[in-house]
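Here are my notes on this one, as numbered points. Have a look at the model first, then read on.

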Amino acid sequence: MPNDVPLRKIIHVDMDAFYASVEELDNPELKGKPLAVGGSERRGVVSAANYEARKFGVRSAMSGYLAKKNCPHITFVKPRYARYKEISQQVKAIFFEYTDLVEPLSLDEAYLDVTVNKKGNPSATLIAQEIRKRIFDEIGLTASAGISINKFIAKVASDYNKPNGQKTVNPEEVLSFLEALEIRKFYGVGKVTAEKMYKLGIFTGTDLKKKSLEFLAAHFGKSGRHYYNVVRGIHLSEVKPHRIPKSVGAERTFSENLSSEIFMLERLEQIADELERRLKKSDIAGKTITLKIKYSDFTLQTRSKTLPYFVADKALILETAKELLYQEKMENSVRLLGISLANLNTEKPKENINEEVFSVQLKFEF
């Protein structure tokens, strides 16, 4: 590892089935029963499911129809985002008693850098245990945690002993942990990428580590260097208390599937109008416009175009979105359309840091 990049003590805290757990907290009669938040309408989509429902294959982003088919006795409840945000703020307040370096990823998870912390506790493992206990004692919910030298490994580790558990990957364990890890469990490796890696003979971290940087770059582009580094325990991203958005978007799910491009264009204009309001409110512009299409069979497709200049104007965004819409023939009727803007004017140029060498400092206590 570069000499000027110190090992950190990072905790990733992930609330267990957060939305569903809040509903059970407020209505104890729901405990122990399969529960889904959202998805009750004819075309509704599940926002979250408790662990009892997951046993039947119910997952977030699944249609309510399929959730009911998999689990006929499931209970649907309407989402209460204001309540989830309220509970999330209570959880974050606990985090900030330990460190100011808190980076929320969503309402239910966050990174904490406790290398130097307000409690003067040298053990990140004990801090994570204390935080999880306080969340349970003071709020009534359970959380899981991962603890390690960087955000990537902490994130992966937090899934290991879910629910209501934690895992520490000490510095001397990092390489063996990553080498034994199934490739599909690498954070950021989705289903499509995993399938591609399987075809290349990459099933574990060990397999990934055998591949050269040139090989990975040739098959995965810019992500190739990321995979090359993380399997060697290198991930230099700091915990950033004020995260700068990497993209801004707006989307709509329709009450009826759309098969006519004329109707799609009408909806795109409404979406572009909403996106323009969000951009102007935050004084943001971007270069890369992405059109998101979800078909009636729930398959998802994205089409993108990068412009040579920053845009935030509805007319320019809509013009590009229309171009992307006509780029190729629709595969099916459409249930959702979205437009997002990335490559924003808020992004800072990345520093050129040499990430080729890695050595573990064994005396770094966790």
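1. A quick convention before the charges: Lys and Arg count as positive, Asp and Glu as negative, while His and the chain ends are left out. On that count the protein chain carries 57 positive and 48 negative charges, and their mean positions sit 3 Å apart. Keep in mind that this is a predicted model.

2. On overall dimensions, the radius of gyration of the protein chain is 22 Å, which agrees with the value near 21 Å that a compact globule of 366 residues would have. The C-alpha trace spans about 65 × 55 × 45 Å along its principal axes.

3. For secondary structure, I get 13 helices and 12 strands in the protein chain. As for how the chain folds back on itself, take the contacts with a separation of 6 or more: 65% of them join residues 24 or more positions apart.

4. How much of the chain is buried? Buried residues come to 46% of the 366 in the protein chain. The accessible surface is about 19100 Å², and carbon and sulfur atoms contribute 50% of that area.

5. Is E214 buried or exposed? Its relative accessibility is 59%, and the cut-off for exposed is over 50%, so E214 counts as exposed.

How values were computed: Residues are numbered from 1 along each chain as its sequence is written. This is a predicted model: local features need pLDDT of at least 70, side-chain atom pairs count only at pLDDT 80 or more; totals for chains, interfaces and linings use all residues. Side-chain values use heavy atoms; hydrogens and water are left out. Helices (H or I, at least four residues) and strands (E, at least two) are DSSP runs, numbered from the N terminus. The radius of gyration is taken over C-alpha atoms; the globule rule is 2.2 Å times the number of residues to the power 0.38. Buried means under 20% relative accessible area, exposed over 50%, partly exposed in between (1.4 Å probe, protein chains only). Contact means heavy atoms within 4.5 Å. Accessible areas come from the Shrake-Rupley method with a 1.4 Å probe; for residues, only the protein chains shown count as cover. The place of a charge is taken as NZ of Lys, CZ of Arg, CG of Asp or CD of Glu.
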